[in-house]
Amino acid sequence: MQIQTATINDVPEILELQHKAFLPVGEVLNWLDAPNITETIETALEEFPNFTVLKMVADDGKIVGSVRGKVDDGSLFIGRLMVLPEYQRNGYAKELLHKIQEVLPHNRVWLETTSDITSTYTFYEREGFRTFKTEHFDNGVSWVSMAKWELHTNRILLRPWREDDVEALYKYASDPDIGTRAGWPPHKSIEDSTEVLRNILMNDTTWAIILRETGEPIGSIGYMTNYTSTLPSRPNEPLVGYWVGKPYWNKGICTEALNLMIKHIRAVSDYKSLISSHFVDNPASGRVMQKCGFVPTGETCVDSDLSGMEKPMAVLRLEF
Ligand SMILES: CC(C)(COP(=O)(O)OP(=O)(O)OC[C@H]1O[C@@H](n2cnc3c(N)ncnc32)[C@H](O)[C@@H]1OP(=O)(O)O)[C@@H](O)C(=O)NCCC(=O)NCCS
């Protein structure tokens, strides 16, 4: 068996394989019009260029398995992992799953599947994937989104924020010592935190800082490229921001998180530099930046657009 990159000429054979591999699943779920089963050659051909598609080829040239993947801002989506029924239970799916992650650099990987087929679901769990979203379709199928995060140290991991993090978010973000230092109002209610989660934190360039020992989100870190501010930013220069819950200050946690994020940004983008700023009366934040290689530009600015506060901020930049 060999894993190779598929070409557009392979699409008809892969589509046939797809129908054969997913039909038994559709029968178990009583979902015979599932998109994987009903997909036409036209759609398959149209979608092909949007993905990297791998094929597993037997010695006689027959395609017995396939998987596809696509990276968006460091987030790898894996789909259509399939092996012909008569070739299943040989570890080929696992090989394909590993290979697609190897060939497409990423920091986060996610996929969608049903939790109704236990063998598939537990296979992904054994591979380190965890459910972050469940939908219940009208046809009775439970559809789950599962993800695995690669940004971690011995103590912390960075993973996308989830709606069920709201209690932890409120616990730390309601502390007035956090928001006022970072330039946002302390959360006043769980509803506040829910809104911030949905509108500000749940995106592909913001992560919850998770203490691995407890699994609890204890802070947040992220970067953004679309912002209006009076910072002396260069065009297309991401702005970095973070906070850590007070009980965890001065333990090196934010420094670890920022180093992880910088490593990720360097791996998945070609930005030339990062910019950040902190209120001049918040030296701990500047210290974190400096420990991670940021250098003060010597500039200060008052940026009430960004922070809502009329307080001078020191500006630092990390050149790659
Ligand atoms: C800034 C913040 C994220 C730091 O998190 P942290 O996990 O405590 O950071 P670290 O432990 O990695 O590093 C903190 C550094 O600041 C230093 N520090 C702490 N208080 C300081 C002070 N008053 N003056 C100077 N340095 C200080 C610490 O000694 C440490 O440096 P060191 O390792 O050289 O000793 C945290 O204090 C916080 O969330 N503050 C409120 C929100 C905020 O300010 N966000 C940043 C907005 S720009």
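A residue is called buried if 20 or more other C-beta atoms lie within 10 Å of its own, exposed if 12 or fewer do, and partly exposed in between, with C-beta atoms placed from the backbone. The structure is a predicted model, in which local features need pLDDT of at least 70 and side-chain atom pairs count only at pLDDT 80 or more, while totals for chains, interfaces and linings use all residues. Residues are numbered from 1 along each chain as its sequence is written.

The protein chain contains 11 helices and 15 strands; helices (H or I, at least four residues) and strands (E, at least two) are DSSP runs, numbered from the N terminus. The C-alpha trace spans about 70 × 40 × 35 Å along its principal axes. Of the 320 residues in the protein chain, 33% are buried. Two residues are taken to be in contact if their C-beta atoms, placed from the backbone, lie within 7 Å. Among contacts with a separation of 6 or more, 62% are made by residues 24 or more positions apart.

Two domains are assigned, domain 1 (2-105) and domain 2 (152-319), with bounds that come from an automatic or database domain assignment. Their centres, taken over C-alpha atoms, are separated by 38 Å. Contact between the domains involves five residues of domain 1 and five residues of domain 2. On the side of domain 1 that touches domain 2, one residue is nonpolar, two are polar and two are charged. In this classification Ala, Val, Leu, Ile, Met, Phe, Trp, Tyr, Cys and Pro count as nonpolar, Asp, Glu, Lys and Arg as charged, and the others, Gly among them, as polar.

In soluble globular proteins, nonpolar side chains tend to be buried together. A nonpolar core is defined here as a set of buried Ala, Val, Leu, Ile, Met, Phe, Trp, Tyr and Cys residues joined through C-beta atoms within 7 Å. The largest such core has 45 residues, and those with the most contacts inside it are Leu 158, Ile 209, Ile 221, Ala 257, Leu 258 and Met 261. Helix H9 gives the most to this core, with seven residues. Leaving aside neighbours within four places in sequence, Met 261 is in contact with Leu 158, Ile 221 and Tyr 223. Another core, of 29 residues, lies apart from the largest one and includes Leu 54, Met 82, Leu 96 and Leu 111.

Strands are said to pair if DSSP finds at least two bridges between them. Strand E1 (residues 2-5) pairs with strand E2 (residues 52-57) in the antiparallel sense over four bridges, and Leu 54 in E2 is the bridge partner of Thr 5. E2 also pairs with strand E3 (residues 63-72), in the antiparallel sense and over six bridges; here Met 56 stands opposite Gly 65 in E3. E2 and E3 form a hairpin with five residues between them, and Gly 61 in the turn has a positive phi of about 90°. Strand E4 (residues 75-83) and E5 run parallel and are joined by four bridges, with Leu 76 opposite Val 109 in E5. Strand E5 (residues 108-114) is mostly covered, five of its seven residues being buried. Strand E6 (residues 130-136) and strand E7 (residues 142-149) pair in the antiparallel sense over six bridges, and Thr 134 stands opposite Val 144 in E7. These two strands, E6 and E7, form a hairpin with five residues between them, and Gly 140 in the turn has a positive phi of about 95°.

Most residues other than glycine have a negative phi. Asn 30 has a positive phi of about 55° although it is not a glycine. Asn 30 is found in the loop between helix H1 (11-29) and helix H2 (35-38) and is exposed, with 9 other C-beta atoms within 10 Å. Asn 250, likewise not a glycine, has a positive phi of about 60°. Asn 250 lies in the loop between E12 and H9 and is exposed, with 10 other C-beta atoms within 10 Å.

The shell around the ligand comprises 21 residues, of which Arg 181, Cys 254, Thr 255, Ala 284 and Arg 287 come nearest; a residue is near a molecule if its C-beta atom, placed from the backbone, lies within 6 Å of it. Helix H7 (176-182), strand E12 (239-244), helix H9 (253-268) and helix H10 (283-291) each supply at least two residues of this shell. H10 gives the most, with five residues. By class, the shell divides into 12 nonpolar, six polar and three charged residues.
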